[in-house]
Amino acid sequence: MPLTALPRLVPPMPGGRGWLGPLVVAALGGFLRFYRLDVPHALVFDEVYYAKDAYSLIRFGVERQFADGADQVFARGGTDVFKACGTLQECGAYVAHPPLGKWLIGAGEWLFGTTPFGWRCAAALAGMLSVLVLARTARRMTRSTLLGCLAGLLLALDGLHLVLSRSALLDVFLAFWVLAGFACLAADRDAARTRLTEWYRTSALHGPAPRLGLRRWRLAAGLCLGAATATKWTGVLFVVAFAIMTLIWDCGARRAIGLRRPYRQAARLDLPLGLAWLGAVPAVVYVASFAGWFASAGGWGRNWDRATSNGWAYFVFDSLRSLVDYQRQVFGFHQGLSTHHDSQSDPWTWPLLLRPVAFFYRSSRGTCGAPACSQEILGTGTPVIWYGGLLALLAMVVWYARTRDWRAGAVLLAYAVAWLPWFYFALADDRTMYLFYALPAVPFMVLAIVLACGLVLGPPGTPAARRSTGAAVVGAFTLLALVNFWWLAPVLTAVPVPYDAWLSRMLLRSWI
């Protein structure tokens, strides 16, 4: 490969470190997520589970069973909510999700108390950091600070991401860790190709094939994806998909540099460490997230007395065996989970926003200056962003088919992993599902939009007339997204509005 082709392997980043713009849009995202975060002063939707379980974790290290009426007591700030039992083992609560997300919610309760702000602040922080991470990742992928900031802005303005960032549910933590893992792998891709480029410039080409070092960014990705799995089991789908994706990147890099047998070299030199960082590390993180369960006698299925009575070796073995049995029970619980809910929806309807989730609704008189008032938190995406995202994803399919551009392929893979498995769960298990299960797909939908905007603007050196037209199109789309978000904001954040104003924001009959 000629030296003139090397910049194509690692295109230069734009000038400067590129932090100011992403930090500004992250600050905007943070304001939207933290402002009036304590409204409503109630447990909304599944906060009735996760906010209380989080408090149980920070108090006992494990989830415990709650007394009758615990929801009302906890919503008022009370902490005397646990069921009275004869022994610790009798009060262990059977829960369906790993504990990491609840530990994060509990950290907010530990800092700010059992208040709505306390149990929601960790989600708001995760939402704000997601905006920053996405802006920086999009900048890396597009080599444009402007497009990176656009990505962060669109995520900040998405209604579904906003609602989940203002609620003590697990999905925003899952989405954050998946995005962070992807960002680390994008950075690892650049670092690995930079190392190959330096080897090409300075080494004898007939020498031994180059190794790519410890791959610290890939290790960081393993930690993040392990955290995703320790929040919700669906994180493991991203572990598998991203591991395959990054190995393909390694093969492509070795082939692009002109090395012989690139696939065999990648399998010999990159695969072993890749399996450690993206296989063993996530597993270790997942097990470590149960530290409170291991250290407590009161966890569900813990078998503490039997484990502690036969020495430390048996303690470790029996504890791991008990954890495996616990996970088997959870797997059985998730199969066929089909309790009806008015806000449930099928995954093939999610991109069209046909059935949002009513997180909270209250009607009143006079609180908004009108005889009839409505106050709602409606879990729905910003339609301009979501429908624009559909067009952008189709553009990514065409772009990848024509050019095999890695960015389009990565975005399509991540979006598919976040969305398509739910088709199987819906058809095979008849699972009860909700629109907000698609939240991990939202950052990658935004990346597709931004990559499409880059195509509309054209590469550097494009004629001025084309750039002006492209800038007008991208600017108009961004303005429409901003106006659409502003229009929906009252019904995303529980602002009391007249009933007629609330009804006008129900864009589809299925939203009511």
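Analyst: This is a predicted model. Apart from its neighbours within four places in sequence, Phe359 is in contact with Val44, Phe45, Val163, Leu164, Ser167, Leu169, Ile377, Gly379 and Phe436.

User: Which residues of the largest nonpolar core touch the most other members?

Analyst: Leu164, Phe242, Phe359, Trp386 and Phe436 do, within a core of 122 residues.

User: What does the second core include?

Analyst: That core is separate and has 12 residues, among them Leu100, Ala227, Ala230 and Phe294.

User: How many aromatic pairs are there?

Analyst: The structure holds 35 aromatic pairs. One of them joins Phe182 and Phe242 in a tilted arrangement, with 5.7 Å from centre to centre and 55 degrees between the planes.

User: Why does Phe182 count as buried? And Phe242?

Analyst: Buried means under 20% relative accessible area. Phe182 is buried because its relative accessible area is 0%. Phe242 is buried because its value is 0%.

User: Which residues form the aromatic cluster?

Analyst: One cluster is made up of Phe45, Trp350, Phe359, Trp422, Tyr424, Phe425, Tyr434, Phe436 and Tyr437.

User: Changing topic: how many salt bridges does the search find?

Analyst: A search of the whole structure finds 14 salt bridges. One of them is formed by Arg120 and Glu47, whose closest N and O atoms are 2.9 Å apart. This pair links distant parts of the chain, with Arg120 in helix H6 (residues 116-142) and Glu47 in helix H3 (residues 47-60), 73 residues apart.

User: Is that pair buried or exposed?

Analyst: Both Arg120 and Glu47 are buried.

User: What does Arg140 meet in a salt bridge?

Analyst: The side chain of Arg140 meets that of Asp190, at 2.8 Å from N to O. Arg140 is in helix H6 and Asp190 in helix H9 (residues 171-202), so that distant parts of the chain, 50 residues apart, are linked. Arg140 counts as partly exposed because its relative accessibility is 25%. Asp190 is buried because its relative accessible area is 9%.

User: H9 has come up already. Which residue forms a salt bridge with Asp188?

Analyst: Asp188 pairs with Arg218, the closest N and O atoms being 3.5 Å apart. Asp188 is in helix H9 and Arg218 in helix H10 (residues 216-229), distant parts of the chain 30 residues apart. Asp188 is buried, and so is Arg218.

User: Which residues are linked with them in a network?

Analyst: The network of salt bridges links Asp188, Arg215, Arg218, Asp250, Arg254 and Asp270.

User: Which charged residues sit over rings?

Analyst: Lys52 lies over the face of Phe66, 5.0 Å from the ring centre. The charged end of Arg189 sits over the ring of Trp249, 5.6 Å from its centre.

User: Finally, in what order do the strands of the open sheet lie?

Analyst: The 3 strands follow the order S1-S2-S3, with antiparallel pairing. At the edges are strand S1 (357-364) and strand S3 (497-498), each of which pairs on one side only. S1 and strand S2 (residues 373-379) pair over 7 bridges. Ser363 has Ser374 in S2 as its bridge partner.

Key. Residues numbered from 1 in each chain as written. Predicted model: local features only at pLDDT ≥ 70, side-chain atom pairs only at ≥ 80, totals over all residues. Heavy atoms only, no water. Salt bridge = Lys/Arg side-chain N within 4 Å of Asp/Glu carboxyl O. Helix = DSSP H or I, 4+ residues; strand = E, 2+ residues; numbered from the N terminus. Buried < 20%, exposed > 50% of the residue type's maximum accessible area, 1.4 Å probe, protein only. Core = buried A, V, L, I, M, F, W, Y, C linked by side-chain atoms within 4.5 Å. Contact = heavy atoms within 4.5 Å. Phe/Tyr/Trp six-rings, centres within 6.5 Å; stacked < 30°, edge-to-face > 60°. Lys NZ or Arg CZ within 6 Å of the ring centre and 35° of its normal. Pairing = 2+ DSSP bridges.
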